[in-house]
Amino acid sequence: MDAKMSTDASRQKGVWRQTRALFYKNCLVKWRTKKSSVQEILLPLFFLFWLILLSMMYPNKKYDEVPDSDLYSVDHSSISEFVVGYTPVNNVTRKIMHKMSAEYFTEGITTEEFLSEQEMQEATFRSPRNFVGVIFQDSMSYQLRFPPTKVPVSAIHVESRASCPNPSKICEAETYWRYGFTALQICIDAAIIQLKTNHSVLEELEQTKAVMMGESAILEIDNFPRAIILIYLVVAFSPFGYYLAIHIVAEKEKKLKQFLMIMGLHDTAFWLSWVLLYTSLIFVMSLLMSIIATFSSLFPKSSCVVIFLLFFLYGISSVFFAFMLTPLFKKSKHVGTVEFLSTLAFGIVGLTIFLVEDIPKSFVWLISPLCQCTFLIGVAQVMHLEDYEGGVNFSNLTYGPYPLIIAILLLALDSVLYLLLAVYLDQVIPGEYGLRRDFFFFLKPSFWSKRTKNYKELYESNINGNLDFNEIIEAVSSEFQGKEAIRINSVQKSFVKKGETVEALKNLSFDIYEGQITALLGHSGTGKTTLMNILCGLCPPSDGFASIYGYRVSEIDEMLDARKITGICQQIDVCFDVLTVEENLSIVAAVKGIPPNYVIQEVQKILLDLDMQPIKDNQAKKLSGGQKRKLSIGIAILGDPKVLLLDEPTAGMDPCSRHTVWNLLKNRKANHVTVLSTHFMDEADILAGMFN
């Protein structure tokens, strides 16, 4: 029996070889789905050019140092055109206003009396441009009310005085001095002082010097366009993750991934093929974007290499973030939307950190596992260094409140974390098909040290205590003793459907022997496909066990070994629609480990045996139902596997094609194990030596 467990030494199922085959397949799929591929490549460039345009439209305003400057003497003529109203009216206020208008202005100035503040307010509405109000609080204090155009907009100075291009021109900083506010204040103050002290101080007040304070060189930054640039850079790489997630989940949705797994594909090769493809795309795109960004107005002072490193690591982490999401979804139309919205949402979180200055640094590093936030903080640091340190380079990676070196390291760590989580979640999250591991499988010693249990002992222990085995199965000829290839013992399988438990298989036990074609005959719903799925490792039995040459089909690690000697044709045709017949066969041949020197020969033999030479260059999606069925059989028998599991292999075929398949199966009967399910009694009668 141990000899039967050995496989052909010429089989080379190395992970790297499978990776290359799937990488080639992924490239072909990309090439033949040009619309999505072009969008995937052009959208990041579109975002980048849009950001460059935005940075050119809203550049930072830089002002040189402004020295202190003396203002000119107060000019009374600036208020001679005003009508000055005052309230309340009494002897003291009359004397103040009379002295101010008659003695301090040679041509006089028009004054008006108002009994109340309300009357003064109404007069303001009648002549809003040249009316000035004086409201006396007492004989020593008062308020001035000037037209809005004659005073600064805000009492708090918010604009830089450096924005004044020429000291001779009007600046907001000198509005009080130029438009009469200070002149009127000096005159009223002088009148009050003279009435109180009988001493004129007007000349002294007029000689008061005013200095407009200078400013050091400043940089005015508009946060709005900067925020737009940051959030757009975050989503610039999202098309890669969006389409990648859709591709992977679509393959899972069409059962393509599980199809490759039951053909012997290593899980590592599956992930590695996508990693290589998208790493290549991200590398080229990051290089192109970093060159454009550093030779344009976006990051003109920064090192192209550092910007490339930041873009590349974020692109990789965003792709691996999409990897991590794929095990969580069963529908491709959902995963792409969630990937984009997640990127946008986490980018907004990072943007909030950028805009709100008082957020604790501990919180910032706490959310570092979100690559979008880390990247946005990194880009914000690049902008800071562009503004104040002459751009980012290797010498100042440790500068600033959030050093860029930390952002780069965190992006690398995020990439590793996402990839590990993607592989882990794919192993443990239940799916429609395939075996799943326990949540803590990596903590079990059996995961690290593989050991196949003795299936004979398991088989006999399951029989003990049950009915006598001779009572439940038909006795077999002595010539088959010791040739048991597939052993099925007390297998049960139940499903929950619409709240009710449905038993597909109930206490099923029998053996399948080497050198025989065994037919599973029965009408629809009798559990033929369920049994085939159990033997393929697509679903575990609810109870009992089954083994193929000693490898238990319910154990993932043992099933991986069983698949090395097994060819499978499922009830549903599973193939890559955009690949040709020959390409489908070549890809699966490499996955099965057929030596490279024999792949072409093996593929041509299959095409010839199944009469598929005329359609070898046709894409699978253009084949008829019968032609797809022949392709599925051809994939199953590639490499001449020891065990062949065929689920209704000739369904949908014309009579001629059915006879072609029958002859092929009969010719490879010796030293092989063939199990087929069928509805047709004639097919079972022609092919099978045993019926179940």
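Helices (H or I, at least four residues) and strands (E, at least two) are DSSP runs numbered from the N terminus. What you are looking at is a predicted model, where local features need pLDDT of at least 70 and side-chain atom pairs count only at pLDDT 80 or more, while totals for chains, interfaces and linings use all residues. Residues are numbered from 1 along each chain as its sequence is written, and side-chain values use heavy atoms, leaving out hydrogens and water.

**The whole chain.** Show everything as a cartoon: the protein chain has 27 helices and 17 strands. Of its 692 residues, 51% are buried, which here stands for under 20% relative accessible area with a 1.4 Å probe, protein chains only (over 50% is exposed, in between is partly exposed).

**Annotated spans.** Next, colour residues 270-293 and 305-329, two of the stretches that an unreviewed UniProt entry annotates as "transmembrane region". UniProt positions follow the numbering used here, feature names are shortened, and annotations may be inferred rather than shown by experiment. Residues 270-293 are 100% helix, with end C-alpha atoms 34 Å apart. For residues 305-329 the helix share is 84% and the ends lie 37 Å apart.

**Aromatic rings.** Show the side chains of Phe, Tyr and Trp: the whole structure holds 23 aromatic pairs. Rings (for Trp, the six-membered one) pair if their centres lie within 6.5 Å; planes under 30 degrees apart count as stacked, over 60 as edge-to-face and the rest as tilted. Start with Phe114 and Phe131, an edge-to-face pair because their planes meet at 80 degrees, with centres 5.9 Å apart. Both Phe114 and Phe131 are buried.

Then pick Phe283 and Phe312: their planes are at 85 degrees, so this pair is edge-to-face. Phe283 lies in helix 12 (residues 267-294) and Phe312 in helix 13 (residues 304-325), so the pair ties together parts 29 residues apart in sequence. Phe283 is partly exposed at 41% relative accessibility, whereas Phe312, at 17%, counts as buried.

Last stop: select Phe237, Phe240, Trp274, Tyr278, Phe311, Tyr314 and Phe375, a cluster linked by ring pairs.
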